[in-house]
Amino acid sequence: MREDYVKAKKQADKALRKAASEGRYPYLTSLDSFLPNYMTLAKVPVGVKDIPIRMIAGTVTESRQNAFTWNFLPTLRYYTEFGQKWSTLYDAQQAEGIHDPIKCFEYLNRFYVLEGNKRVSVLSYCGARSIAADITRILPIKSDDIDIRVYYEFLDYYKVTQLYGIVFSKPGCYARLATLYGRDLTEPWPIETVEDLRSDFNRFSDAYDAKGGENLRISAGDAFLIYLGFYHRQSLQEDTRSSIEKKIGLIWNELLSAENEENAALLDTPDTSRKGNILTNLFNPVYTKEQPLRVAFLYSRPPKTSRWLYGHELGRNELNQTYEGVVDAICFDDCNTEEKLDAAFDAAAADLDEVVFTTSPDMMDASKRAAIRYPNMKILNCSIDLMSSAVRTYYPKMYEAKLIMGALAASYAEDHRIGYVADYPLNGNIANINAFAIGAAMIDPEVRILLKWSGIKNSRWEEEFNEQAIGVISGPDLIRPDEASRKYGVYKRLADGTIRNIAAPLWNWGQFYIQIVDTILDASWNNRENISKEQAINYWFGFSSGAINVILSQNISYYSRKMAYLFQQGIENGTINPFCGELRSQTGLIQDAGGGSQLTNDQIIHMNWLNDNIIGSLPDPSQLTDTIHSTMERSGVQGIPSAEEQK
């Protein structure tokens, strides 16, 4: 009908003016214009599928661009052949519906129309959610580009679900989504699960758009995954639309934080100003032995059975001893399921605990759920990369200590070989390995680091080092109280089998916790300048804070002690940085020596390469023990090259 075309044209004129005022290109994007070589790339016929109209990004040829606005509204006058055909098609849609599929190319999870632009325009104007399309997929050349990596993860997801519509911006998200639905990216999903996901996402995205989500820079898929981090997915099937919108409102700061993730605050030095706002101090509780600051620690199992948790337990004890009753820190040590974690938070709230530390990355979702239930509770999660405005995170800058450990190890390795055992390829852990290797090479340019993993299935790292007659080894950082051994830190195995310790890293959790708790006691918790309430905060403390250190054995010479001291002084004053200047991986140059260049914090945290003097490779996730899978999904290194690619 003429009236509807005129109405659509008015909407188009408004869209053109809005785009112009915002400095955006107002017409359709064309595949020709930004991917001129698309015909030379590999293609896969997908067949006819229903695709979301909102994922249609443009047209194939430049000649069709200006006939439509960027959102497929018609721009030409009614008294043109185009206008007449559009109106006729609209009438057909109103009478019996449009059934013929369009033809399109799919590239990087977006669609470009080859035939059927007017059909898309009419259905979009009518408010349709999807359209039938005969799809040809264009495969981009594989690379380390984030968009390419995410797309190839989408292809794995598509193979098991056959679903379009959910788009993510970061690697690892499709695997995370699969886990939330009790599936993986290798076996086809049951049709019931696929339909549950489709329904859940549609219900969420409708509410998200109604709350203004379309105005955020993150995708609806990114927001969906954030939502599922706070609320159980079953609630999407049970809640009303208004209830879902209300829940989205409660996590709006979290969505803004994700939108501005590059502005997350990575605090690598404690706040020593302790000025405290006068009004804040006035209304801040005064803690005493009679009314202490109550703190809770959540452990997955008893600390005596875990090197990692034992270190946190020592930190909890130091916290209690330091404040002599003004701080009362307790622990819950059987929090190994989502239900038990939720129950522990409820118990902590009932105990009036104001601060809760969760000691593993896989506790983050439960931490975020608790942040919604208990908005006045200060919750912190021990991780380095799970940024959240609702839950602060903390982790030591251990690569600083590892640089010194590597230098010490090289000074005692007579055959230019050092064994290094790591547990899992988590974010931040690869920086530890590389810093160790760089520190060793600074003392002995011929040194080689033989890397083994204790966290892989059927690991034999100790036997393998014995078979290779490796004399100097960097073993586990920590000891287990129920399994005492001298084989930790850097040690030397003598000819008679005796173990002689050289040095060990100190994860000084007590100092870490004291410095965080101090900000609550003196009302400076929110005292950092230029940090907004929607900004994620991570404490990443190193030598300068006392959160880490290196324990030197009495067996080493005073020259070795002097070297360690000078290294530490250089690290603290910024004159020594393992990731400054030229860096070379096993496969080539990472960074040249010019201009005083150095890796950013983000590049250090998310390393997925090994230094050129390391013999070994990063393990494929399938090689790792089952107990680490949930932690790897939350905080594991993404984009690990295959063993062949690492050679």
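A crossing of two helices is left-handed if the near helix is turned anticlockwise from the far one by less than a right angle, and right-handed if clockwise. In this structure, H6 passes H8 in a left-handed crossing. The model is predicted, so local features need pLDDT of at least 70 and side-chain atom pairs count only at pLDDT 80 or more, while totals for chains, interfaces and linings use all residues. Residues are numbered from 1 along each chain as its sequence is written, and side-chain values use heavy atoms, with hydrogens and water left out.

**Helices H5 and H6**

- Helix H5 covers residues 146-161 and helix H6 covers residues 173-180; helices (H or I, at least four residues) and strands (E, at least two) are DSSP runs, numbered from the N terminus.
- The axes of H5 and H6 lie 8 Å apart, at an angle of about 30°; axes are lines fitted to C-alpha atoms, for helices over the stretch in contact, and angles run from 0 to 180 degrees between N-to-C directions.
- H5 and H6 are therefore roughly parallel (under 35 degrees; over 145 is roughly antiparallel, 65 to 115 roughly perpendicular, and the rest oblique).
- Val 150, Glu 153, Phe 154 and Tyr 157 of H5 meet Cys 173, Tyr 174 and Leu 177 of H6, where contact means heavy atoms within 4.5 Å.
- This contact of H5 with H6 has six nonpolar residues, no polar ones and one charged residue (Ala, Val, Leu, Ile, Met, Phe, Trp, Tyr, Cys and Pro count as nonpolar, Asp, Glu, Lys and Arg as charged, and the others, Gly among them, as polar).

**Helices H6 and H8**

- Helix H8 spans residues 220-230, and its axis comes within 11 Å of that of H6, crossing at roughly 40°.
- H6 and H8 are therefore oblique to each other.
- On H6, the contact is made by Cys 173, Arg 176, Leu 177 and Leu 180; on H8, by Phe 224, Leu 225 and Leu 228.
- By class, the contact of H6 with H8 has six nonpolar, no polar and one charged residues.

**Two loop residues**

- Ser 545 sits in the loop between strand E18 (537-541) and strand E19 (548-552).
- Ser 545 is buried, at a relative accessible area of 9% (buried is under 20%, exposed over 50%, partly exposed in between, with a 1.4 Å probe and protein chains only).
- Apart from neighbours within four places in sequence, Ser 545 is in contact with Pro 270 and Gln 515.
- Gly 596 belongs to the loop between strand E21 (588-591) and helix H21 (601-605).
- Gly 596 is exposed, with a relative accessible area of 52%.
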